[in-house]
Amino acid sequence: MDCEKFAAVVYEYLDSEIAYEVKIEIHEHLSRCPGCDSAVEFERRMKVLIAKACQCGDCPEGLEERVLRALQEASEA
Ligand SMILES: [Zn+2]
């Protein structure tokens with residue numbers, strides 16, 4: 001697995017909607033690719049934040065986008 005392939009499956013991976021064999025490939029890639037590893041950490045933290053911000057389970061329009069943008073700005077600062 002390379003970074004491009006990883007990027008294509010990362011959301012399924014985070015949602016645990018992924019085949020076991022693919023998960024193994026992902027873990028292999030993460031163990032030797034610090035860039036993707038920190039990207040996963042970032043996405044994971046973001047999912048937690050979004051879940052906290054929206055506990056009704058039915059996100060208002062654009063919430064995820066707003067949270068994303070705020071986090072991007074925070075990481076750039
Ligand atoms: Zn990578």
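Okay, one definition before we start: a helix here is a DSSP run of H or I at least four residues long, and helices get their numbers from the N terminus. With that in hand, reading along the sequence, our chain goes α-α-α-α. In counts, that's 4 helices and 0 strands. Keep in mind that what you're looking at is a predicted model.

Now let's walk through the helices, starting with H1. Helix H1 covers residues 3-14. How far does H1 reach from its first C-alpha to its last? It reaches 16 Å with its 12 residues, close to the 16 Å expected at 1.5 Å a residue.

Where is Ser-16? You'll find it in the loop between H1 and H2. Is Ser-16 buried or exposed? Ser-16 counts as exposed, because it has 7 C-beta neighbours inside 10 Å, and the cut-off for exposed is 12 or fewer.

On to how the helices sit against each other. Two packed helices are described by the angle between their axes and the distance between the axes. Let's do that pair by pair.

First pair on my list: H1 and H2. H2 is residues 20-32, and the axes of H1 and H2 come within 11 Å, crossing at roughly 115°. That crossing is left-handed. Who makes the contact? From H1 we have Phe-6, Val-9 and Tyr-13, and from H2 we have Val-22, Lys-23, Ile-26 and His-29. Sort the residues of this H1 and H2 contact by class and you get 5 nonpolar, 1 polar and 1 charged.

Next pair: H1 and H3. Their axes also come within 11 Å, and they cross at roughly 25°. With that angle, H1 is roughly parallel to H3, because angles under 35 degrees count that way. The crossing of H1 past H3 is right-handed. On the H1 side, Cys-3, Phe-6, Val-10 and Leu-14 take part, and they meet Gly-35, Cys-36, Val-40, Glu-43, Arg-44 and Lys-47 of H3. By class, the contact of H1 with H3 has 6 nonpolar, 1 polar and 3 charged residues.

Let me stop at Arg-44 for a moment. Arg-44 belongs to helix H3, which runs over residues 34-53. Is Arg-44 buried or exposed? Arg-44 is exposed, since it has 12 other C-beta atoms within 10 Å, and 12 or fewer is what exposed requires. How far apart are Arg-44 and Asp-15 in sequence, and how far in space? They're 29 residues apart in sequence, and 9.6 Å apart C-alpha to C-alpha.

Leu-30 counts as partly exposed, because it has 19 C-beta neighbours inside 10 Å, while buried takes 20 or more. Which residues does Leu-30 touch, leaving out those up to four places away in sequence? It touches Cys-36, Asp-37 and Val-40. With Val-40, the C-alpha to C-alpha distance from Leu-30 is 8.7 Å, and the two are 10 residues apart in sequence.

Last pair: H3 and H4. The axes of H3 and H4 come within 10 Å and cross at roughly 130°. So H3 and H4 are oblique to each other. H3 goes past H4 in a right-handed crossing. H3 brings Met-46, Leu-49, Ile-50 and Ala-53 to the contact, and H4 brings Leu-63, Glu-64, Val-67, Leu-68 and Leu-71. By class, the contact of H3 with H4 has 8 nonpolar, no polar and 1 charged.

And a word on H4 itself, residues 63-76. Its 14 residues should span 20 Å at 1.5 Å a residue, and the end C-alpha atoms are 20 Å apart, which agrees. How many of the 14 residues of H4 are buried? The number is 0, so H4 lies largely in the open.

Terms used
Residues are numbered from 1 along each chain as its sequence is written. This is a predicted model: local features need pLDDT of at least 70, side-chain atom pairs count only at pLDDT 80 or more; totals for chains, interfaces and linings use all residues. Helices (H or I, at least four residues) and strands (E, at least two) are DSSP runs, numbered from the N terminus. Axes are lines fitted to C-alpha atoms, for helices over the stretch in contact, and angles run from 0 to 180 degrees between N-to-C directions. A crossing is left-handed if the near helix is turned anticlockwise from the far one by less than a right angle, and right-handed if clockwise. Two residues are in contact if their C-beta atoms, placed from the backbone, lie within 7 Å. Ala, Val, Leu, Ile, Met, Phe, Trp, Tyr, Cys and Pro count as nonpolar, Asp, Glu, Lys and Arg as charged, and the others, Gly among them, as polar. Angles under 35 degrees count as roughly parallel, over 145 as roughly antiparallel, 65 to 115 as roughly perpendicular and the rest as oblique. The expected span of a helix is 1.5 Å times one less than its number of residues.
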